[in-house]
Amino acid sequence: MRIEQIEAFLITAENGSFARAAELMGKRRSTLSAAISALEDELAVSLFQRSGNSLQLTPIGQTLLADSQRLLQSAKRIEQLSQQHLEGIEAELKIARDDSLPEQFWHQCMHDLQREFPQTSTAVYLLPSQEHAEFIRAGIVDIALGVHNSVELQHRLGMVEQRTVVSPEHPLAKLAQVTRQDLSQYTQVCLTYLQKGQLVIQDQVGRQYLGLTMYELIRDAVLGGNGWAILPETLIHEQLNQHSLVSLATEATLPAVYFQCLTNGPNLKVATWVRNCVTKELTRKFKI
């Protein structure tokens, strides 16, 4: 039993004609008819009732139709996966990322990835970028993307501005110049992450803080008037333009952060595609 015979059987059954099936497959009618006859001989059953120009599935032919379709689909998937491997396209890609880029971008990115690489399975794990290196070292994920305070040049996709922000109604928004002492008087909404089994509060200024594990949660808390925060401009670009967030003029310059890509080995095609997608978005929208 050959896959070509199964395909000939299915296309003939769908079209009810040897001539039409042969045309669709780009074969001679005699060649296609011989393929189906050989399949019938091997199975020792008749798949079609032939009467002049009329062609009907036999009861056993009808019974075998669904399994034949599954067999053909499986065979094509085996061929696709084998070709994908030869082309350096991952069968599976596990991604860790933070949320310093808007979710709308990631939704579109994953949609485009599935369209571009339909045979690649993808898992995305959302966690603070400070935990990315550990996940890469442990082999839990293949690629990790997010903003970092580190300066590993080989992994940089670009530098990202940070902003100290509050809601327009917050008392700090009324000050023309904000000092560290001013900031320490109000609740800071901070990023929290795990480091060596301990919960770390990032860039804590004063005593009072609200620790959250994602930038989007921090942004939403600030929008709700729960405090001030230091956030990457890539995430709050729209809110700053709409004036639903206010960028404070502070006395100290915020340290640079870098959007980086960490991997646990050479990037194959899908990982490279994701990295390029992020780089394109950073360059297009934020001119990084």
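This is a predicted model: local features need pLDDT of at least 70, side-chain atom pairs count only at pLDDT 80 or more; totals for chains, interfaces and linings use all residues.
What do Arg70 and Asp67 form? The two make a salt bridge, and their closest N and O atoms are 2.8 Å apart. Asp67 counts as partly exposed, because its relative accessibility is 48%.

The structure holds 9 salt bridges in total. I will go through two others.

One of them joins Arg50 and Glu40, whose side chains meet at 3.0 Å, N to O. Arg50 belongs to strand 1, residues 48–51, and Glu40 to helix 3, residues 29–43, so this pair ties together parts that are 10 residues apart in sequence. Is Glu40 buried or exposed? Glu40 is buried, because its relative accessible area is 9%, and buried means under 20%. Arg50 has 40% relative accessibility, so Arg50 counts as partly exposed.

The other is in helix 8, residues 215–223. Glu216 and Arg219 both lie there, 3 residues apart, which is about one turn of the helix. Their side chains meet in a salt bridge of 4.0 Å, N to O. Both Glu216 and Arg219 are buried.

Now the start of the chain. Met1 is in the segment before helix 1, and helix 1 covers residues 3–15. Met1 forms a nonpolar patch on the surface together with Leu43 and Leu71. The accessible area of these three residues together is about 250 Å².

Helix 1 itself has 13 residues. From its first C-alpha to its last, helix 1 reaches 18 Å, close to the 18 Å expected at 1.5 Å a residue. Which residues of helix 1 are buried? They are Gln5, Ile6, Ala8, Phe9, Leu10, Ile11 and Thr12. If you follow the chain past helix 1, you reach Gly16, whose phi is positive, near 65 degrees.

In general, strands of a sheet pair through backbone hydrogen bonds, either parallel or antiparallel. How many bridges join strand 7 to strand 11? There are 4 bridges, and strand 7 covers residues 162–166. To find one of these places on the screen, look for Thr164, whose bridge partner in strand 11 is Ile230.

Now some loops. Strand 8, residues 188–195, and strand 9 have a loop between them, and Lys196 is in that loop. The phi of Lys196 is near 55 degrees, a positive value in a residue other than glycine. Lys196 counts as exposed, because its relative accessibility is 83%.

The loop between strand 9, residues 198–201, and strand 10, residues 209–212, holds Gln202. Gln202 is buried, because its relative accessible area is 12%. The side chain of Gln202 is joined to that of Gln130 by a polar contact of 2.5 Å. Asp203 is also placed in the loop between strand 9 and strand 10. Asp203 has a phi near 55 degrees, again a positive value in a residue other than glycine. Asp203 is partly exposed, because its relative accessible area is 38%.

Glu238 is in helix 9, residues 233–241. Glu238 counts as partly exposed, because its relative accessibility is 46%. Glu238 and Pro102 are 136 residues apart along the chain, and their C-alpha atoms are separated by 9.6 Å.

That is the end of my list.

Methods: Residues are numbered from 1 along each chain as its sequence is written. Side-chain values use heavy atoms; hydrogens and water are left out. Patches are made of residues with over 30% relative accessible area and no salt bridge: like charges are joined within 9 Å, nonpolar side chains (Val, Leu, Ile, Met, Phe, Trp, Tyr) within 5 Å. Accessible areas come from the Shrake-Rupley method with a 1.4 Å probe; for residues, only the protein chains shown count as cover. Helices (H or I, at least four residues) and strands (E, at least two) are DSSP runs, numbered from the N terminus. The expected span of a helix is 1.5 Å times one less than its number of residues. Buried means under 20% relative accessible area, exposed over 50%, partly exposed in between (1.4 Å probe, protein chains only). Two strands pair if DSSP finds at least two bridges between them. A polar contact is a pair of N or O atoms within 3.5 Å; within protein, one must be able to donate a hydrogen and the other to accept it, and residues adjacent in sequence count only if both atoms are side-chain atoms.
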